[in-house]
Amino acid sequence: MSQVHNVIIIGGGPAGLTAAIYAARANVGPVIIEGYAAGGQLMITTEVENYPGFPEGIQGPELMQMFRGQAERFGAKLITADVTRVDLSSRPFGVWTDADELRAHSLIISTGASARWLGLDSETRLRGFGVSSCATCDGFFFRDRELVVVGGGDTAMEEALFLARIASKVTVVHRRDEFRASRIMADRVLGHPKIAVRWNAEVQQVIGDGVVDGVEVRDAVTGAVEVIPAAAVFVAIGHDPNTELFVDELDLDPSGYILTDGTRTSVEGVFACGDVQDTVYRQAITAAASGCMAAIDSERWLEAALHQASTSGQHA
Ligand code: NDP
């Protein structure tokens, strides 16, 4: 059998990298498979203003680079690959990437969450041609144009405020008559001279042939249909947990989040942290904190499990 690692961490966002820092400093020798989209959602975030220790704010990618450097400094081994399969049915656990098969006594899952889409054919057809889920990545291409942001949460507010610096006008399209976003973010949007809000509007399709021309919305109250002209539409309607790998392996809640008790999952020796198991807070700081907890939990569990294995081996 190939080398059995003490702990493999799957996912390289704030949760996974924090787990790696703690596990490396505890001399556990963690291997972190960070995924090709390494760094997680902070890689597509602009200014992070609420991460303690950075009173002037910091760019998301820069913060993640610092996390990564800190993990490497203490000897965490980083593998940039996507995990394609796991086997949690017996220990040591199996983890497969395109190139490798790895084994570990313990796993920490920190695969995070991904942007949700509306599920319209026209949205899929025009993705990359004016339909986007990342204002930071794609806003630049639409300087001085009219843009639409779909959603009513903090992500939508953040995208709208960012795009208002670039666009001639931003319309936030929301399906209800009230934002879900925090008050401070909502107020910034509502008070912004370049941002309009279209309440009670359900997106029916994205209009355009090759490039986006606008968004067709239906008024949820009156049923009236109208087209809002836009050169691009930014979909910001929340996230889904990245748990496809674990559907048959771990207990998940009805939305697909990993069910945890602390950081323990339904399989002994497997821990989860960050957005993949957090339906409530979903912040970089809470992800990092739960990564720390998962590392400590797995380290304690490992110590007990390996001790038990060695003493039962002695008596065999
Ligand atoms: P949320 O789940 O908070 O909001 C999603 C929004 O999209 C809601 O307004 C929802 O409408 C709407 N929506 C969902 N599905 C659809 C659909 N099919 N069609 C139309 N609209 C839809 O997700 P966010 O990504 O905004 O935020 C996630 C978490 O991250 C939150 O806790 C948020 O506070 C946090 N966050 C914090 C930031 C910060 O502090 N700087 C920045 C970004 C996020 P409805 O309201 O009707 O359900």
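Colleague: What makes E226 count as partly exposed?

Modeller: The model is a predicted one, and E226 has a relative accessibility of 34%.

Colleague: Why is R198 called buried?

Modeller: The relative accessible area of R198 is 18%. Buried means under 20%, and R198 therefore counts as buried.

Colleague: How do you know that E226 forms a salt bridge with R198?

Modeller: The closest N and O atoms of E226 and R198 are 2.7 Å apart. The cut-off is within 4 Å, and this pair meets that criterion. The two residues belong to distant parts of the chain, E226 in strand β16 (residues 225-229) and R198 in strand β13, 28 residues apart. Together with D219, R198 and E226 are linked in a network of salt bridges.

Colleague: What makes D240 and R116 a pair that ties together parts of the chain?

Modeller: D240 forms a salt bridge with R116, with 3.2 Å between the closest N and O atoms, which is within 4 Å. D240 lies in strand β18 (residues 239-241), whereas R116 lies in the loop between β9 (113-115) and α3 (121-125), so the bridge ties together parts that are 124 residues apart in sequence. D240, at 34% relative accessibility, is partly exposed, and R116, at 32%, is partly exposed.

Colleague: Why is the contact of R176 and E178 called a salt bridge?

Modeller: The distance from N to O is 3.8 Å, and the limit is 4 Å, so the contact of R176 and E178 qualifies. R176 is partly exposed at 32% relative accessibility, and E178 is partly exposed at 48%. By this rule the model has nine salt bridges.

Colleague: How many aromatic pairs are counted, and why is that of F140 and F141 called edge-to-face?

Modeller: The count is five aromatic pairs. For F140 and F141 the ring centres are 5.9 Å apart and the planes stand at 75°.

Colleague: What makes F140 and F141 count as exposed?

Modeller: F140 has 54% relative accessibility and F141 has 58%. Exposed means over 50%, so F140 and F141 each carry that label.

Colleague: Why is the pair of F179 and W199 described as tilted?

Modeller: The centres of F179 and W199 are 4.6 Å apart, with 45° between the planes. Stacked requires an angle under 30 degrees and edge-to-face one over 60, so the pair at 45° is tilted. F179 is in the loop between β12 (169-173) and α6 (183-190), and W199 is in the loop between β13 (195-198) and β14 (201-207); they are 20 residues apart, and the pair links distant parts of the chain. F179 is buried at 11% relative accessibility, whereas W199 is partly exposed at 28%.

Colleague: How do you know that the charged end of R25 sits over the ring of F74?

Modeller: The charged end of R25 is 5.0 Å from the ring centre of F74, and the distance limit is 6 Å. R127 likewise lies over the face of W117, at 3.9 Å from the ring centre.

Definitions and conventions:
Residues are numbered from 1 along each chain as its sequence is written. This is a predicted model: local features need pLDDT of at least 70, side-chain atom pairs count only at pLDDT 80 or more; totals for chains, interfaces and linings use all residues. Side-chain values use heavy atoms; hydrogens and water are left out. Rings of Phe, Tyr and Trp (its six-membered ring) pair if their centres lie within 6.5 Å; planes under 30 degrees apart count as stacked, over 60 as edge-to-face and the rest as tilted. Buried means under 20% relative accessible area, exposed over 50%, partly exposed in between (1.4 Å probe, protein chains only). Helices (H or I, at least four residues) and strands (E, at least two) are DSSP runs, numbered from the N terminus. A charge sits over a ring if NZ of Lys or CZ of Arg is within 6 Å of the ring centre and within 35 degrees of the ring normal. A salt bridge is a side-chain nitrogen of Lys or Arg within 4 Å of a carboxyl oxygen of Asp or Glu.
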